[in-house]
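Please keep the sequence and the structure at hand while reading.

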Amino acid sequence: MKVEHLSKEIEQRLIIDDVNFELKKGEIVGLIGRNGEGKTTIFRLIANHYNKTKGHIFINEENIDRHRELYSQIFYIDSQYHSLSGMTPKTIAKQYQELYPSFDTHRFLGLVDAYQLPINKSYRTYSKGMQGLLLIILAICTNATYILLDEPLDGLDFYVKKQALQLMLEEVAEAKKTLLISSHNLLELEYIIDRALIIKKGRLVKNYQLNEVKESIKKIQMIFPNNELPRLVTENATILESRGKVTVALFHQLSPELITEISSHEPILFEELPVSLEDVVASQVLDDTELVIAKKGGNADE
Ligand SMILES: Nc1ncnc2c1ncn2[C@@H]1O[C@H](COP(=O)(O)OP(=O)(O)OP(=O)(O)O)[C@@H](O)[C@H]1O
């Protein structure tokens, strides 16, 4: 899937601003951003729940708005607006057979049974965990190639989460599906995703291959004589944390030349730490003041 120049204006406000990315088969991609940055709107635009103000989406080089049958390659359920509430797995299966020509009813009802979800009870009466599992089972059984999941693991207990994850990961590996997942739980996302799309104010600010970024970005904790942080560091790194004498910073490019220059300031400590997805995202989506507050866990006046 190719998303090209996607924009959305709502009430004369530009909510999504010229977003471009590709989703490849067999890939799990994280859509990451703070509250209100535009993730759900991107899902709704891809799934055609909103009209696009600008831009196009292509599947196999075909514009999906000119070949609307291609929408059956996309699965998305809007957590705020959906029609599942009064439906049981049986009635859901009936409706989804109409929507998705390749819907696998046999597998759907089999998985509902295997995960002990009540077959004759309506979705509304399910617990949050049961609802979450049912949505993932439904997503898989539509046989759509592109599965868009907005906070799919939110509120699931550890065991249900494990089951949900297993289902999703097996499906991607075996059936070469593509998952686009949004989550605020970066620790969780870190173990699932291959790539991260970072959204800020409706714009795609970074598109990272996770293993590559983890190799290229260096997180360093350092102490300098007299607590004087050389300008060289502030100019070349994002300061993640300043606690007492210790500064932790993220260098997007730490060349041997830069290391030599920094060494000339005779640091007392200059030590590499493992980089987490949270570090990478924080350095992209928070501004300098927010970063300091986030790390201190306090307020701006501290
Ligand atoms: N229908 C709408 N009418 C007016 N404003 C809207 C509408 N839909 C979204 N917005 C605005 O667009 C912005 C992006 O919202 P969106 O729900 O896409 O963010 P999000 O990244 O999914 O947030 P969260 O992480 O909190 O779910 C917000 O400022 C929101 O208020």
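Two strands are taken to pair if DSSP finds at least two bridges between them. The model discussed here is predicted, and in it strand β3, residues 28-32, pairs with β9 in the parallel sense over 4 bridges. Within this pairing, the bridge partner of valine 29 is arginine 195, which belongs to β9.

Both strands belong to an open sheet of 6 strands, which runs in the order β6-β7-β8-β3-β9-β10 and has mixed pairing. Because β6 (74-76) and β10 stand at the edges with a single partner strand each, one side of each is left without a neighbour in the sheet. From one strand to the next, the twist averages 15°.

## The four-stranded sheet

A further open sheet is formed by 4 strands in the order β12-β13-β11-β14, and here the pairing is antiparallel. Its edge strands are β12 (237-243) and β14 (269-273), each of which pairs on one side only. Neighbouring strands of this sheet are turned by 25° against each other on average, with direction ignored.

The domain assignment of the protein chain gives domain 1 as residues 2-211 and domain 2 as residues 213-296. Taken over C-alpha atoms, the centres of domain 1 and domain 2 are separated by 35 Å. The contact between them takes 16 residues from domain 1 and 10 residues from domain 2.

On the side of domain 1 that touches domain 2, the elements that give two or more residues are α6 (186-190), β9 (195-200), β10 (203-209) and α7 (210-216). Sorted by class, this side of domain 1 has 9 nonpolar, 3 polar and 4 charged residues.

## The shell around the ligand

Which residues surround the ligand? They are Ile10, Glu11, Ile15, Gly33, Asn35, Gly36, Glu37, Gly38, Lys39, Thr40 and Thr41. By class, the residues of this shell divide into 2 nonpolar, 6 polar and 3 charged.

Among the elements of the chain, helix α1, residues 39-46, gives the most to the shell around the ligand, with 3 residues.

## Annotations from the record

An unreviewed UniProt entry places the feature "domain: ABC transporter" at residues 1-226. In the model, the end C-alpha atoms of residues 1-226 lie 53 Å apart, and the span is 32% helix and 28% strand.

The record, again as an unreviewed entry, also places the feature "transmembrane region" at residues 132-149. How far apart do the end C-alpha atoms of residues 132-149 lie, and what part of the span is helix? The end C-alpha atoms lie 10 Å apart, while the span is 56% helix and 22% strand.

Methods
Residues numbered from 1 in each chain as written. Predicted model: local features only at pLDDT ≥ 70, side-chain atom pairs only at ≥ 80, totals over all residues. Near = placed C-beta within 6 Å. Nonpolar A, V, L, I, M, F, W, Y, C, P; charged D, E, K, R; others polar. UniProt positions renumbered as here; feature names shortened; annotations may be inferred. Domains from an automatic or database assignment. Contact = placed C-beta atoms within 7 Å. Axes fitted to C-alpha atoms, helices over the stretch in contact; angles between N-to-C directions.
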